[in-house]
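Reader: Take me through one part of this model: the site that the sequence record annotates, and the elements around it. Which residues sit there, and what do they touch?

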Amino acid sequence: MRFAKGHGTENDFVILPDPDGELDLDAATVAALCDRRAGLGADGVLRVVRTKALGEPLAGEAADAARCEWFMDYRNADGSVAEMCGNGVRVFARYLREAALVGDTVFEVGTRAGARRVTLEDDGDVTVDMGPVRVLGPGRAELADGPVRGVRVSVGNPHLACRVARPVAEVDLGRPPVLREEEFPHGANVEVFREVAPGVLEMRVYERGAAETRSCGTGIVAAAAAATPPGEDAEWTVQVPGGVCAVVLEGGAARLRGPAVIVAEGDVRLPVAR
């Protein structure tokens, strides 16, 4: 089967074109593809499928995705299904354009968090209208080197964004954060961030279903929202280990801008032996 490989600020993905929804993509196959030694290696899988061929109902936040021609069926590296991926949707949009599946530079992509408008910029960046950003109140987690407190944020998927006083490179993200089930019944991504200059954050993330990654687009938005006083609009530059993205918070919604590149294409045998 054909595949492509891409990344956005080094958050990397295996892309599987499946326009007619013929691929039976189970969790074990996703995990094998994402294995960095025995597979292709990635933080997740992006299945490229026409929304009408998705084979699952779209309701709630995902309902407006039904109007989109293409749907981003995103899976974490462990095979679990995720609602949204900010870096992934940029890479997905880049792939659609380079594969001549869309002809415009502005279009919508369907996700389990709803329709997301993307703009392919002249400089190679991709901007995504990330939709509503909801700050839900305080939360806490236990990291490998101690407890942290933060803000629970929904960017279509759940986050705990934690401001820390020390450089984020010093925080131990070597094991899964322990979250309170009553705060995060379905788990969450956990971000640690610090303001290093006016309008500039540094951030690291432990992603639900993928461990620490080099970047997380929804996590970048969540950290920006947690760093912004309630009710205010703001613009932030966010530095992650894999690069830099920009966030604009306006009217309770967010736009995320950053790079997205396709680095390889080829054929892979499915299922992948582990």
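Author: Asparagine 189 is in contact (heavy atoms within 4.5 Å) with Asn157, Pro158, His159, Leu160, Val205, Tyr206, Glu207, Arg208, Cys216 and Thr218, leaving aside neighbours within four places in sequence. This is a predicted model, in which local features need pLDDT of at least 70 and side-chain atom pairs pLDDT 80 or more, while totals for chains, interfaces and linings use all residues. Numbering runs from 1 along each chain as its sequence is written, and side-chain values use heavy atoms, without hydrogens and water.

Asparagine 189 belongs to strand S12. Strands (E, at least two residues) and helices (H or I, at least four) are DSSP runs, numbered from the N terminus. The asparagine 189 residue is buried, at a relative accessible area of 4%. Buried means under 20%, exposed over 50%, and partly exposed in between, with a 1.4 Å probe and protein chains only.

Now the strands. S12 covers residues 189-197 and pairs with S10 in the parallel sense, over five bridges. Pairing requires at least two DSSP bridges between two strands. Arginine 163 stands opposite phenylalanine 193 of S12. S10 itself spans residues 158-163, and five of its six residues are buried. S10 also pairs with S9 (residues 146-154), here in the antiparallel sense and over four bridges. Leucine 160 of S10 is the bridge partner of arginine 152. Three residues separate S9 and S10 in this hairpin. In the turn, glycine 156 has a positive phi of about 90 degrees.

Asparagine 157 sits in that loop between S9 and S10. Asparagine 157 counts as buried, at 5% relative accessibility. Its side chain makes a polar contact with the side chain of threonine 218, at 3.3 Å. A polar contact is a pair of N or O atoms within 3.5 Å; within protein, one must be able to donate a hydrogen and the other to accept it, and residues adjacent in sequence count only through side-chain atoms on both sides. Beyond residues up to four places away in sequence, asparagine 157 touches Glu83, Met84, Asn189, Arg208 and Thr218.

What does the record say? UniProt, in an unreviewed entry, places a "binding site" feature at Asn11, Asn76, Gly86, Asn87, Asn157, Asn189, Glu207, Arg208, Gly217 and Thr218. Of these, the lining of the largest cavity includes Asn76, Asn157, Asn189, Glu207, Arg208 and Thr218. A cavity is a set of points, on a 1 Å grid over the protein atoms alone, where a 1.4 Å probe fits but cannot get out; lining residues have an atom within 4 Å of a point.

The "active site" annotation, also from an unreviewed UniProt entry, covers Cys85 and Cys216. They are spread over 132 residues of sequence, yet they cluster in space, with a largest C-alpha distance of 7.4 Å. The lining of the largest cavity includes both Cys85 and Cys216. UniProt positions follow the numbering used here, feature names are shortened, and annotations may be inferred rather than shown by experiment.

Take cysteine 216. Cysteine 216 lies in the loop between strand S14 (211-213) and helix H3 (217-227). Its relative accessible area is 2%, so cysteine 216 is buried.

Cysteine 85 is placed in the loop between strand S4 (70-76) and helix H2 (86-98). Cysteine 85 is also buried, at 5%. Asn11, Phe13, Met72, Tyr74 and Thr218 touch cysteine 85, with residues up to four places away not counted.

H2 comes next in the chain. Eleven of its 13 residues are buried, among them Gly86, Asn87 and Gly88. H2 reaches 19 Å from its first C-alpha to its last, close to the 18 Å expected at 1.5 Å a residue. That expected span is 1.5 Å times one less than the number of residues.

Just after H2, alanine 100 takes a positive phi of about 60 degrees. Alanine 100 lies in the loop between H2 and strand S5 (106-111). At 64% relative accessibility, alanine 100 counts as exposed. Threonine 9 also has a positive phi, near 50 degrees. Threonine 9 is in the loop between strand S1 (2-8) and strand S2 (11-17). At 3% relative accessibility, threonine 9 is buried.

Technical notes. On a 1 Å grid over the protein atoms alone, a cavity is a set of points where a 1.4 Å probe fits but cannot get out, and a pocket is an open set with protein on both sides within 12 Å along at least five of seven lines; lining residues have an atom within 4 Å of a point.
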